[in-house]
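Thank you all for coming.

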Amino acid sequence: MAGTISKIIHFRDEEEFLDDMAEIMERFSYLASKYGHNPVEGVLLWDYIGVQDEEGVKIFRVGEFPYFEGTLKVDLETLRVMERYFDEMESKWDELRVEDIAYFVEMLNEALGREIVFYEAYDLGLDRNTAYIILNLVSLHYLESVLDGRDRDIFEEAVELLMKYI
């Protein structure tokens, strides 16, 4: 990933951070659709979990499992085992730590008999109120050099919002 940097960012209010990131991603996605470059290559929060199903890896937050249940292409037995473990994690939400999630994922994969659930935040050193972001500086510089008018305003708004965290 030449031209990229990765950074752990800290924030105080998770909901505000998520709203800001949604705005940033909306603006950069719009620009990427027109110019082919998106400076934000990825964002990982402390509670993001990946699940490998028949279609690939799907990412969701710990508390969102009930919403993703219908989208996972896994057999019913696998789904029920996963549901039990995620219900247990969600019941401890207020005191949940990255170490707890890592432990649950390890136990879940053991119960499933195969490794289809992934959790990277622990290995990256994330905790509550932190996120891991991957920025493509080449794309950022490219967009800065080619934009004008309303697209430049959209770009500058996204960068300004992003700088609030970096």
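I will take the charged pairs one after another.

Please keep in mind that this is a predicted model, in which local features need pLDDT of at least 70 and side-chain atom pairs count only at pLDDT 80 or more, while totals for chains, interfaces and linings use all residues. Residues are numbered from 1 along each chain as its sequence is written, and side-chain values use heavy atoms, with hydrogens and water left out.

By a salt bridge I mean a side-chain nitrogen of Lys or Arg within 4 Å of a carboxyl oxygen of Asp or Glu, and the structure holds 14 of these salt bridges.

One of them joins Arg61 to Asp47, with 3.0 Å between the closest N and O atoms. This pair links distant parts of the chain, since Arg61 belongs to strand 4 and Asp47 to the loop between strand 2 and strand 3, 14 residues apart; strands (E, at least two residues) and helices (H or I, at least four) are DSSP runs, numbered from the N terminus. Both Arg61 and Asp47 are buried, where buried means under 20% relative accessible area, exposed over 50%, and partly exposed in between, with a 1.4 Å probe and protein chains only.

In helix 3, residues 76-91, Arg80 and Glu83 lie three residues apart, about one turn of the helix, and their side chains meet in a salt bridge at 2.9 Å, N to O. Arg80 is partly exposed at 37%, as is Glu83 at 24%.
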